[in-house]
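Please keep the sequence and the 3D view at hand while you read.

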Amino acid sequence: MQDYNYVYGNCLEITLELSCCKYPQASELHKEWDLNKESLLAYIEKVHIGVRGYVKDHVSGSALTNASIVVAGIRHNLTTGRYGDYYRLLLPGVYNITAVATGYTPVTVNNVQVFDGNATELNLVLVPVAIEPNLAGNVTLTTPSTPSATDINRYTSNTNTAPSHRSQVVTSMGSKTTPIPSPTEPQPVQPQEFRHHNYADMELFLRKYSSEFPSIAHLYSIGRSVEGRELYGMVISDNPTVHEHGEAEFKYVGNMHGNEVVGREILLNLIEYLCLNYGTDREVTELVNNTRIHIMPSMNPDGYEVANEGDVRGYRGRNNSKNFDLNRNFPDQFATIKDPRQPETIAMMNWLKSNPFVLSANLHGGSLVVNYPFDDDREGKTRYSKSPDDKVFQQLARTYSQENPLMHNGHPCVKLYPGEYFADGITNGASWYNVAGGMQDWNYLNTNCFEVTIELGCVKYPLAKDLPKYWEQNRRSLLQFIHQVHHGIKGTVSDIRDGMGIPNATIQVADIDHNITTAHTGDYWRLLVPGTYSITASAHGYQPVRTYATVSKNGVEVVDFRLTRLHSDPNGLSPSGPQPTHNPSEEEFESLIKDLSLGQGLEQLVKSTDTENSFRFRGYKELSAFLRGLTLNFPKITSLQSLGHSVEFRTIWALEISNNPGEAEPSEPKVRFVAGIHGNAPVGTELLLEFAALLCINYGKNSVITRLINETTIVIVPSINPDGREQAVEKQCTSTQGFTNTHGKDLDKDFFGNVSHRVVEPQPETKAMMDMILDKGYTLSVALDGGSLVATYPYDKPVQSVENEGTLKYLASVYSNNHPKMHLGNAGCSNNGQASNIPDGVMRAAERQSHMGSMKDFSMDFGHCPEITVYTGCCVFPPSEQLTTLWAENKKPLLSMLLEVHKGLRGVVRDKSGKPIIGAIIVLNGGVRVFSGEGGYFRALLAPGNHNIEAVADGYQQQRQEVVVSSYEAASSIIIEFDMDHSIFGLPREFVVASAAASMTALVVTACIIWCVCVAKSNRQKDGFHRLRQHRDEYDDEIRLTSMGSKKSLLAHEFQDESESDEETLYANKI
């Protein structure tokens, strides 16, 4: 192995024999470590001796990969890496070092001093080789070969010299000699070979130019055809692998119909032309330096392979290998496309949505005309169907046709179609003939890209001998059309506060009903014909800004917008109330979230966290061993606990990943990832195991992963139904074996929080998860399942409306949009008969399959935690060979969930004294409730936009605030500070006290009046009683006298007719 390293790699390797005993006792290992520790460290330090540096392109400054580093006198060369970097181990001394790259003039630096210790830094800049006319009048490319050790003397015979055609020398100090200008401007190099390229030939051609011109050419694939052929794209730009802020993206697509081959061949010619003339031809260099040019020679490689040379107007090879016309396979604005979406179409849609393309052309054959949108109309009739940008499309079409010596005449194919005429060589698509499901209309309606379709010739598959004339007729048109991407207006929409670009901001042109949006870093391009326009830029949470711009015939007008937040403070909050303070660490983390959410931040994180793994499906025992292995190898950030057991007593594991595992951290968001609720769908289980491994392995190694783990509590439950998993069988895409638990119960129909809804006790697996969910500390939950390709959000149960549906749908769309296929909406699976066209790959769960008792609904209603369910693919238990692809598709979405849990809204609830209030209710937009936990902390995930927040706590006054949530910024932080509630019966205390005082006063006065009246009346009664007693005494005396007299006197007295006095009446009443 050491010889192989040295001969075939850049690596110098030695072999160490460390011990006489091959397999010593474990108790002896510490001795071996003590013996070898210092040696190992000292050996590692030697990687820093010798010479190191970078090799770059003089014109563009981009890195040169695979450049050879030659040291005179040492018969061993090495090559530069991906970023043009190299490391050449050398002993102390003086060396002559040469850098050589194909297509560049070699550069030699003599007398490079290497010292003992750190490496000497030597950066080298290479100039593209000169173009020299030969005696025959043709132009040839002088390309020196990589020198061998024996040839090095001719490069180093003189100090700082190189072959005679060298135009520039860069020394170790960076000094440059000025090249001597040529007396005449060289003519651009034209393609030398014209032939039909089959798939293998085309693939080698593309690989060749990508390898020979790595600083400007990058080969990639956007997907595969039905028969598995790569759909290759070649980027040609000065920095081809990334989107540069402010640089327009352009694309050419050829061979959509497999038997229309001229576009395929002239695009290969164009690649050759751009590569060979970069750095020497002014027009080519300008285009490549200022445009990111994507070229796809063949969108239908399967069809090409069965087409026949010489085909004039036939159909063999036109469609893909499933016999579908790809230019009738895109979603249409007027018609319903019933044909299943083809792999080539899906790959194109994904490609178009993943790049901020501005302008495009789709190259066809069979006529000679430029066709522009729309391709059909509402009634399906052949008549002019005008798009909102009809004037722009006409200008674009004329730009191409006028540079073609035949096309602009308007009579394309006199022999084949004598009556056909196109004024200026252009036509509206529907005016020519009606096409539903075309690619150019889908580009215009669903992306920022303006696309036209170009018919390059009357013969679909011409003979090879005719190919040079097609290049000659179209080469100027091809270049001029690329130039059009630099017309109209362009600029950046940024935040006036910090200058950061705002993604997905809308650019609206008055009187043109077609808006475009900004790219990830806030840059935009809007094609327009010359004129003066009213332009408005708007974005969620910002005040719109309108300005006027005048577009000229030449060049592009730069119009930048700086938007102000609707709220003036740094966090987008209402200015009233206490404001949170940020320490530098928090601000750094917020900046990290923003960087990851914009541009290529998340994509770069995905690429920087690759882990080597041989994917396979693991049974319960291996899964358990894997989880234990993570805790043994990463004890500082992992904690493994049992949630409970299955029916067959298998443990349901939960792995926590955090910088303080096992400890509650209420200020941090807590996210839950679960899988395996249906045992026959184990893909999610394997994805979560690999996700856990990625996080652990990169902790302390990758700064972003380290920070995310430090700021988040991550809980992973890889298998809820381990019994069902043990019963399931691999490569069974539709089998229900293992779907339920051992009792035959679908666990996703067993979550009932209300006793009235439950007939029997929950299954043990369900009980374990319910206890976990009721912890109520989670901010977000993501469940992985199989059998479709879609992300669903609550509810599974049939409900008429869903509170906070905008936020729930947004969370599902975050996962879907980061998935390369899911967001295209092609969720249909032949094995389940579900709808195939689902907008953005997101739907409410009940629309997919309505049922009661789901885990998602339980999490919402009783755990107060939003949960989305992601279905990772149509096959519930695919072959293990597909796991690598499935991981690649889901890695970025899973990481995006770690970012999303840090967005939305966060804050703390406290009283005036600063004491945290636990159990306060935070009402979001008058509906959904969250609760403050330990320390008064709370979190809520919200869709981007403006939101009203109400806070309620017993004994305190209700608080209201308004917040603005961004799709790319960390959670808005607020402080809710309560005053004691002094209200009585819901009324202000002062009003109630005053009212009570007035009422008491009135009551006292009334009481006094009543007392006085009663006293006066009582006095009258006393006087009456006194006089009555006097009269009664007299009356008693009279009775006594009468009783002593005769009966006659008594009878006389008895029948006296006298009226009663007032006193007698009063007395009688009293009696």
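R476 is partly exposed, with a relative accessible area of 27%; here buried means under 20% relative accessible area, exposed over 50%, and partly exposed in between, with a 1.4 Å probe and protein chains only. R476 pairs with E283 in a salt bridge whose closest N and O atoms are 3.0 Å apart, where a salt bridge is a side-chain nitrogen of Lys or Arg within 4 Å of a carboxyl oxygen of Asp or Glu. This pair links distant parts of the chain, 193 residues apart: E283 sits in helix 6 (residues 282-290) and R476 in helix 12 (residues 467-483).

This is a predicted model, in which local features need pLDDT of at least 70 and side-chain atom pairs count only at pLDDT 80 or more, while totals for chains, interfaces and linings use all residues. Residues are numbered from 1 along each chain as its sequence is written, and side-chain values use heavy atoms, with hydrogens and water left out.

**More salt bridges**

- The whole structure holds 43 salt bridges.
- E588 and R707 form one of them, with the closest N and O atoms 4.0 Å apart.
- E588 belongs to helix 13 (residues 584-597) and R707 to helix 17 (residues 703-710), so this pair ties together parts that are 119 residues apart in sequence.
- E588 is exposed at 52% relative accessible area, whereas R707 counts as buried at 14%.
- E900 and K903 also form a salt bridge, at 3.6 Å between the closest N and O atoms, and both residues are buried.
- Salt bridges with shared partners join D495, R497, D498, R565, K594 and E969 into one network.

**Buried polar residues**

- Q440 lies in helix 11 (residues 439-446) and is buried, with a relative accessible area of 0%.
- The side chain of Q440 makes a polar contact of 3.2 Å with the side chain of D375; such a contact is a pair of N or O atoms within 3.5 Å, where within protein one must be able to donate a hydrogen and the other to accept it, and residues adjacent in sequence count only if both atoms are side-chain atoms.
- Beyond its neighbours within four places in sequence, Q440 is in contact (heavy atoms within 4.5 Å) with residues including N371, Y372, E451 and T453.
- D389 is placed in the loop between strand 17 (367-372) and helix 9 (390-403), and is buried at 2% relative accessible area.
- The side chains of D389 and Y444 are joined by a polar contact of 2.6 Å.
- Leaving out residues up to four places away in sequence, D389 touches Y444, F450, I512, H514, R526 and L527.

**Helix 5**

- Helix 5 (residues 262-277) has 16 residues and spans 22 Å from its first C-alpha to its last, close to the 22 Å expected at 1.5 Å a residue; the expected span is 1.5 Å times one less than the number of residues.
- All 16 of the 16 residues in helix 5 are buried, so the helix is largely enclosed by the rest of the structure.

**Overall picture**

- The protein has 26 helices and 42 strands, taken as DSSP runs numbered from the N terminus (helices: H or I, at least four residues; strands: E, at least two).
- Of its 1071 residues, 51% count as buried.
- Among contacts with a separation of 6 or more, 71% come from residues 24 or more positions apart.
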